[in-house]
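Open the structure in your viewer and keep the selection tool ready. The stops below say what to select next and what is there.

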Amino acid sequence: MRIVSGIQPTGNLHLGNYLGAIRNWVRMQDDAAKAGGDCLFFLADLHALSMPHVPADLTANTRAMTAALVACGIDPDRSTLFNQARVPAHAELQWLLNGTARIGWLNRMTQFKDKSGKNREGASAALFTYPVLQAADVLLYQATHVPVGEDQKQHLELARDIAQKFNNDYGTPEAPVFTLPDPIIPPDAARIMSLRDGSAKMSKSDPSDMSRINLTDDADTMMQKVRKAKTDAEPLPSEAAGLEGRPEAKNLVGIYATFADAPVDKVLSEYAGKGFGAFKPALGDLLVEKLAPINARFVALKDDTAALDAILDKGAAKARALAKPTLDATYDILGLCR
């Protein structure tokens, strides 16, 4: 088993990032080790070029995200942690795969339509072709499994289509060039909503910092944000069905259940009939218990540029070595004379 996954370095991580993706990465790291497999986790800084960005922020965010991943439990000695820019093979393989990818396939990608909006002609070519880079990201390492959320399933299907066509065009059934990766869809991928609006996802782009729990927040700040989180006046029900139509209540109970590794019904059986005056302090205490150690590790590491670059350099060296056989084979089978 070889698991490959990436995350864009967008700066300040919040509770939604942690519960939605990073916590699952830590579990995959442990599971793959037990199974004798390995994990490659990368910061997708090349993908960031598909949208307008501030160069200095991209550098800072790449290092900050590295610190956050390590603080959350990604072990650079057990997993390969790096950023794309340190492994030029990602960009090289994308170009080689562009000859196999089809415009019709890319035209069907819904994320391009969503991100380009009404100004498709004004969108960058990188935004149109970045699913091919995503394919290169995983095919380069002969990934067997790729964790995907609902919004990325289409892109993994494209990667499989590209790999299959390339194998058919240039390889043989006995010696395919690329492994077709299978999706890992985490069973409990948490969808964390804003603390100010239970109908909107928790987001770092929300102008109100009170809408999210940041991994950089100290214990007092976390408690304050939970206390001021929007709720309703009704007591908590005894079962999950009673949370329908109560998005803020459903969000807070869901966060508690996720951190407690307990079913929502079990949480509600404990707090049924009680108001948020009793529930919020319990939720705040649980968040502090689980997140304070992560915050402490992050704060200790986030400004140590030398240590962060050493982690990324070490991971990139491993990644380049793993990528070389596949990249060399792709150049050779295409007839490129080097």
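Start with C337, which is exposed because its relative accessible area is 81%. Exposed means over 50% relative accessible area, buried under 20%, and partly exposed in between, with a 1.4 Å probe and protein chains only.

Before going on, note that this is a predicted model, in which local features need pLDDT of at least 70 and side-chain atom pairs count only at pLDDT 80 or more, while totals for chains, interfaces and linings use all residues. Residues are numbered from 1 along each chain as its sequence is written, and side-chain values use heavy atoms, leaving out hydrogens and water.

Now select C72. With a relative accessibility of 7%, C72 counts as buried. A disulfide is a pair of cysteine sulfur atoms within 2.5 Å, and the count of disulfides here is zero. C72 is in none, as the nearest cysteine sulfur, that of C39, is 15 Å away.

Next, select Y18. Which residues does Y18 contact, leaving aside its neighbours within four places in sequence? They are R23, C72, L215, F259, L291 and I294, where contact means heavy atoms within 4.5 Å.

Y18 also belongs to the largest nonpolar core, which has 58 residues. A nonpolar core is a set of buried Ala, Val, Leu, Ile, Met, Phe, Trp, Tyr and Cys residues joined through side-chain atoms within 4.5 Å. L15, Y18, L69, F259, F279, L287 and L291 touch the most other members. Helix α11 gives the most to this core, with eleven residues. Another core, of 41 residues, lies apart from it; among its members are A135, V146, L156 and L158.

Aromatic rings come next. Rings of Phe, Tyr and Trp (its six-membered ring) pair if their centres lie within 6.5 Å; planes under 30 degrees apart count as stacked, over 60 as edge-to-face and the rest as tilted. The structure holds eleven aromatic pairs.

Select F112 and F128. Their ring centres are 5.2 Å apart and their planes stand at 75°, so the pair is edge-to-face. F112 lies in helix α5 (residues 110–116) and F128 in helix α6 (residues 125–139), so the pair ties together parts that are 16 residues apart in sequence. Helices (H or I, at least four residues) and strands (E, at least two) are DSSP runs, numbered from the N terminus. Both F112 and F128 are buried.

Then select Y256 and F279. The ring centres are 5.4 Å apart and the planes are at 40°, so this pair is tilted. Y256 is in helix α9 (residues 247–260) and F279 in helix α11 (residues 276–301), so the pair ties together parts that are 23 residues apart in sequence. Y256 counts as buried at 11% relative accessibility, and F279 is buried at 0%.

For a charge over a ring, select R338 and Y331. R338 lies over the face of Y331, at 3.8 Å from the ring centre. The rule asks for NZ of Lys or CZ of Arg within 6 Å of the ring centre and within 35 degrees of the ring normal.

The last stop concerns the backbone. Most residues other than glycine have a negative phi. Select Q142, in the loop between α6 and β4 (145–147): its phi is positive, near 50°. Q142 counts as partly exposed at 21% relative accessibility. Finish at D261, in the loop between α9 and α10 (264–271). D261 has a positive phi of about 50° although it is not a glycine, and is exposed, with a relative accessible area of 56%.
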